[in-house]
Amino acid sequence: MPSDQSTWLIAVPQDGDSEGLLQELSPKLQNQAKLPSRNIAELAIPSFKTGTLDSLLSLSEDLPKFDVSFTATVAKTVDTLRSLVNNDPVKLAQHIRVDEQPVDHYLLNGWKWNEGRYGINKSLRELVDILNQEMTSIDSIMKAKLNNYNLVKGSLVQMQRKKTGNLSVRSLVDIVSKEDFVDSEYLETILVAVPKPLAKTWNTKYERLTQYVVPRSGRLVASDDDFSLFSVVIFRRVQDEFFQKCRENKYIVRDFVYSDEEAERQREELENAAVTEKELWAELLRLSRVNFSEAFQIFVHLKVTRLVVESVLRYGLPAQYSGIVIKPEPKTVKKVFNVLQAQFAYLKPRSNAPGTAKGTENADFVGEYQSLLDQEYYDFVMYDVPWIVN
């Protein structure tokens, strides 16, 4: 059973049994499977240069690998967009578009092969190589831009955390001022983060932690839920001993030397990082939006190429096929599939021998390659386009 979370692309031989395929099939799907008419559309499959049987079999082996890779690239682009809009489904829908149209519109509004970009005068192998080169380029560009953005964002987050953590770790630039410090040849001001449960005893203990602590120099500078930040003036000669006594009492000495220049530098760094992050966010959003549109179109062109290759291997020449696009409703997938099975039952005699192309002189030779074909097998050729955007 095909996936109920995908849009189905179907191809059948263009012969007397498939003339007016959409006109014949659409009423059955609407009546028997209750499928809305908007969920059914024609898929215009051009006539390609199919090449030799060997080339088709080789391509049949490579196409599933490209399919997996293309799917991953499209999905990663969607994930990037989702992350940029903070997983907001409304905003995401505004960016998951193909040529500024919803994805369903692209697939269900008369899809056609882009001959201006992928000329059908080329061989199928050449077309697949072009598709792969374009998708690889998109993937590389997205990786580079995303890595650059993540580096800047990570740096900004780290700076912001220094401003938002508790007093034992956060930056003190915006908390203390020059007036909080005594700095001379013999004296210096030390900042100590004291756990809240120990704050009450600090005032009675700090003067006696070591000798040469300036009496009554302790002052509460700031406080949060976890720590109280005190300043105390000591003689420089006892700095090491004072630090050791603080550690023994579970006080945290903050390694901080006040500097107007350093304070200004940190403020500028934070402002610049915020501006840069915002600019890169906007740039990455625009790029992801454009690249989703490009990648999804490439992805669908690859799916149609798989339809053609599989159809030629299954039904033979001439390589002329009718195609339809169906977006099933999850609750009626089985009914839709049953309608398709009944509609294309006439193809069963031609579909029972996977890989046996009409006009092939040695069907046994072709049989050696049956393992290359999809394990899920129907009387008609079908590939699905996952609803990656969901």
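Predicted model: local features only at pLDDT ≥ 70, side-chain atom pairs only at ≥ 80, totals over all residues.
## Domain arrangement

The domain assignment divides the protein chain into domain 1 (6-154 + 277-351 + 372-386) and domain 2 (178-257). Between the C-alpha centres of domain 1 and domain 2 the distance is 68 Å.

## Largest pocket

Two or more lining residues come from each of strand E6 (187-195), helix H7 (239-248) and strand E9 (252-254). The greatest contribution is that of E6, with 4 residues.

## Nonpolar surface patch

Tyr186, Tyr212 and Phe235 make up a nonpolar patch on the surface, and their accessible area together is about 320 Å². Phe235 belongs to strand E8 (residues 227-235) and is partly exposed, at 30% relative accessibility.

## Salt bridges

The structure contains 19 salt bridges. Within helix H2 (residues 53-84), Arg82 and Asp79 are 3 residues apart, about one turn of the helix; their side chains pair at 2.9 Å, N to O. Asp79 is partly exposed, with a relative accessible area of 44%.

Glu100 and Arg289 also form a salt bridge, at 2.7 Å, N to O. This pair links distant parts of the chain, 189 residues apart: Glu100 sits in the loop between strand E3 (97-98) and strand E4 (101-102), and Arg289 in helix H8 (residues 260-315). Glu100 is partly exposed at 47% relative accessibility, as is Arg289 with a relative accessible area of 23%.

In helix H7, Lys245 and Glu248 are 3 residues apart, and their side chains meet in a salt bridge of 3.8 Å, N to O.

Definitions and conventions: Residues numbered from 1 in each chain as written. Heavy atoms only, no water. Patch = residues over 30% accessible without salt bridge, like charges linked within 9 Å, V, L, I, M, F, W, Y side chains within 5 Å. Areas by Shrake-Rupley, 256 points an atom, 1.4 Å probe, with all protein chains shown as cover. Salt bridge = Lys/Arg side-chain N within 4 Å of Asp/Glu carboxyl O. Buried < 20%, exposed > 50% of the residue type's maximum accessible area, 1.4 Å probe, protein only. Domains from an automatic or database assignment.
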